[in-house]
Amino acid sequence: MYDYEAGKLDWLAAGLPSEGTNAERPRAGDVARKDAPTCTLDERLGDVRERARTAGWTVAVVVNAERVVLGLLREKELDGDPERSVEQSMRPGPSTFRPHVDVAEMAHYMTEHDLTSSPITTSDGRLVGILLRDDAVRIAHEEHRHD
Amino acid sequence: MTDTEQRLRCEDCDCEIECCEFCDAEDCAKAMCYGCVAVLLSHSVPHPPRAERK
């Protein structure tokens, strides 16, 4: 018996294991790509852009030493002046989503909002990965076929 | 058009917002506030419950 004082939602939001029928449904944290490129505030934008694009990414996540998300560099920001720092170029405080959110829900709203990728973080802001809309839509369709 | 008319509003609860909390866009056609996104994605439950709102 373990009394998790922060509550059930926080347990799920931290990406911790759960049981029951709904636990078998794919979640944003399961589908998020864990190899998303990260960078720090003091890096040169040009260096981050090259690293991200070489790895096939159009987005990079700005994190601190504890992997807490500080900002996001989407395609538009990555295309900025390569001599500027990440801190000067990033989109600060981006919207992030918790690992327990249903992938089908994320697929629906990412499509509706024309969002190609979303950072997935724990409730204390640590990066879990980047959820790509294409992955979310594909998994949601597969899940729908199984139902 | 006045400044007030140009302000973005949450599609769900109609509150004024600076940008959409789902996609961060300032011109989102389906803009949502932080509270409505949190409820939508089961981060929290609405208070008071929607059925009791006028």
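Two residues are in contact here if their C-beta atoms, placed from the backbone, lie within 7 Å. With that in hand, welcome to a predicted model, in which local features need pLDDT of at least 70, side-chain atom pairs count only at pLDDT 80 or more, and totals for chains, interfaces and linings use all residues. Residues are numbered from 1 along each chain as its sequence is written, while chains are lettered from A and ligands numbered from 1 in the order in which they are written.

**Overall build of chain A**

- Chain A holds seven helices and six strands, where helices (H or I, at least four residues) and strands (E, at least two) are DSSP runs numbered from the N terminus.
- Along the sequence, these elements follow the pattern α-α-β-α-β-β-α-α-β-α-β-β-α.
- With a radius of gyration of 16 Å, close to the 15 Å that the globule rule gives for 147 residues, chain A is as compact as a globular protein of that length; the radius is taken over C-alpha atoms, and the rule is 2.2 Å times the number of residues to the power 0.38.
- Taken along the principal axes, the C-alpha atoms of chain A fill a box of roughly 50 × 40 × 25 Å.
- Among contacts in chain A with a separation of 6 or more, 60% join residues 24 or more positions apart.

**Helix α3 and its surroundings**

- Helix α3 of chain A (residues 45–54) has A:Leu45, A:Val48, A:Arg49 and A:Ala52 as its buried residues; buried means that 20 or more other C-beta atoms lie within 10 Å of the residue's own, exposed that 12 or fewer do, and partly exposed is in between, with C-beta atoms placed from the backbone.
- Those buried residues line one face of α3(A), because they fall within an arc of 100° seen down its axis; the arc is that of the directions from the helix axis to the C-beta atoms.
- The cover over these buried residues includes β1, β2 (60–63), β3, α4 (75–78) and α5 (86–89) of chain A.
- On the face turned away from the buried side, α3(A) carries the exposed residues A:Asp47 and A:Thr54.
- A:Gly56, which follows α3(A), has a positive phi near 85°.

**The sheet**

- An open sheet in chain A has four strands in the order β1-β2-β3-β4, with mixed pairing; two strands pair if DSSP finds at least two bridges between them.
- Its edge strands, β1 (38–39) and β4 (91–92) of chain A, each pair on one side only.
- β3 (residues 69–73) and β4 of chain A pair in the antiparallel sense over two bridges, and A:Gly71 stands opposite A:Pro92 in β4(A).
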